[in-house]
Amino acid sequence: MKNRLVICFFQLMTLSAVSASTIDSLMIEYDQSLLHAQEYCQQREARIDSLKALPTSASNMFAIGTEYTPYQCDSALRYFSMASELAEEPISTLSKLKLIYLLASIGYYSEGFEEKQSLHRDTIEKYQLLNDYYNTIDHLYGEAAVYSKLNRHQQYYFHLSALHRDSLFFQMSMQTPTADYYKMLLIKARNEKRYDQALLYSDSTLMLTDQNSRSFAIMAYERAIIYRDMGDNRAFEEWLIRSAITDVRSGITDNGSSWMLAEMMYHNGDLERAHHYIEYSLANAGFFNARLRYMQINPLGNLINTTYQHQQSVLSRRLSIALLSIVALLICLLLILLYTIRQYKHLHSLNKHLHSLNKQLAEMNQQLTALNASLEESNIVKEQYICRYLEVYRDYISRITKLARKAGEKDPDAIMKREMAEFYRQFDHTFLSLYRNFVTDFNALLIPEERIYPKAGEGLTTELRIFALIRLGITSSTKIAELLCYSPNTIYNYRAKVKNASLGDRDSFELRVAKL
């Protein structure tokens, strides 16, 4: 145990060395966590579902309520209420204390006071629940005081809160120190502006807290508030981000760190992140379904969204100016293009070679025409002819490109792209003329949301073109890549993507395509 405490102490000392790169890394980590926020929430729901599958009991209802507490307040209230109504002590009383604590947290103070009246002191003392009782009532009066509109009520509630907090201090001081005890000492020292002492209590609390738990998120938040009150903004940012990261990864929707982080990004001038974070916080508040959270977040959300919309308007105006500049630049480029037309005289020698190749192509076309006439009645021979035609046409394009390079053409790749576009067009036209129902039949093999249709007035898409070649009997990714001027790896990825969207067995998908 001693070695573990030493290791944790050095870890905390390392974390205290805050730099700009540390904060940047944490921000990236937080952004990445937000991308998977739904997955973390699903993990919590899976735990809840597993508890719901167990037989009904007060302890099980209490466990479900505990899981729901930072996630969805309505459900947490319902399950704590159910657990409190079952005659299973001490779980029933503990559930009622949790119910009161949660009611106070979300602003339902009158309901909290009403539930308080039903507590039995003898039951609390019998089952040693005094710590939970004092902590709950301290929280109830403290929250009621903060949001009370009348000064005399505030003073009265603060007084009662302090009395129960003192009782809790006294009770816990006679017990083995826990993370909750150090947390109370931390808050007391922070309120009294004894920040160095508060940080020491924070160290003690964090050493007793699992870094992947909600408790760590709360204590990281408390440590951030200490640094904020000390004026150490960089350390404040670091621990606030750590708290927010843990909130997300714990599947917590009642997370104050996220909207405080949005406010921090707003003041730092990072409106993109501020807008993203406040939208996440508002969505969580809606899901958590506590009126008080809306009251806390809405003013900041309105401020950030208004500023963000203004920034987007400014960016839109700048974009318009940029587009006008681009148009002017295009006009200049057009003038340059007119000048470069003179350079086409250098292509005279290339045209001779192209003329020779065109003659060869005409001869090949005659051969292919003769071959087509002899194979008209055979589908197998017809497909072989098409494949041969594709290979010849592709070879022709490659030879043109090579001759262009040898002739010193400045942009032989443009010739290659132009010829390949014509190649695709000819292939699509030829294939669809022979297989008029291919697109419809092919899509019938795919799940509805992944079906592929060419745009109006256009030929086949790349995916359809690949599987058209497979229909013709060309199954090698290397061969398809050569014909379509792609890398074999790209062809493989396209094939794998489409097969993953197939109806039925993916391994037999290409065989079914070949039989269309």
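Mentor: Let us start with helix α20, residues 412-434, which has 23 residues and reaches 33 Å from its first C-alpha to its last, close to the 33 Å expected at 1.5 Å a residue. Helices here are DSSP runs of H or I with at least four residues, numbered from the N terminus, and the expected span is 1.5 Å times one less than the number of residues. Before going further, please keep in mind that this is a predicted model, in which local features need pLDDT of at least 70 and side-chain atom pairs count only at pLDDT 80 or more, while totals for chains, interfaces and linings use all residues. Residues are numbered from 1 along each chain as its sequence is written, and side-chain values use heavy atoms, with hydrogens and water left out.

The confidence of the predictor in each residue, from 0 to 100, is the pLDDT, and the protein averages 86, with 93% of the residues scoring at least 70. Over residues 1-17, however, the pLDDT is below 50, and this stretch has 14 contacts in the model beyond near neighbours in sequence, a contact meaning heavy atoms within 4.5 Å.

Returning to α20, its buried residues are Pro412, Ile415, Met416, Glu419, Met420, Phe423, Tyr424, Phe427, Asp428 and Phe431. Here buried means under 20% relative accessible area, exposed means over 50%, and partly exposed lies in between, with a 1.4 Å probe and protein chains only.

At least two lining residues come from each of α17 (291-340), α18 (348-374), α19 (379-406) and α20, and α20 gives the most, with four residues. On a 1 Å grid over the protein atoms alone, a pocket is an open set of points with protein on both sides within 12 Å along at least five of seven lines, a cavity is a set where a 1.4 Å probe fits but cannot get out, and lining residues have an atom within 4 Å of a point. Grid points are joined across faces, edges and corners, and a volume is the space filled by probe spheres set on the points.

The structure holds one cavity of 30 Å³ or more, and the largest cavity has a volume of about 60 Å³. The residues lining it are Leu357, Gln360, Leu361, Met364, Val392, Asp395, Tyr396 and Arg399, and the elements giving two or more residues to this lining are α18 and α19.

We can now turn to the nonpolar cores, each a set of buried Ala, Val, Leu, Ile, Met, Phe, Trp, Tyr and Cys residues joined through side-chain atoms within 4.5 Å. The largest has 90 residues, and those with the most contacts inside it are Tyr30, Ile241, Leu261, Tyr277 and Ile278. Apart from it lies another core, of 41 residues, among them Leu390, Phe427, Phe438 and Leu483; Phe427 is also one of the buried residues of α20. As for Tyr30, if its neighbours within four places in sequence are left aside, it is in contact with Ile241, Ala244, Ile245, Val248, Ser258, Leu261, Tyr277 and Tyr280.

Finally, some loops deserve a careful look. Cys485, in the loop between α23 (477-484) and α24 (488-500), has a positive phi of about 65° although it is not a glycine, and Cys485 counts as partly exposed because its relative accessible area is 38%. Lys193 likewise has a positive phi of about 65° without being a glycine; this residue sits in the loop between α11 (179-191) and α12 (195-207), and Lys193 counts as exposed because its relative accessibility is 62%. The loop between α5 (73-85) and α6 contains Pro90, and the peptide bond from Glu89 to Pro90 is cis, with omega near 5°.
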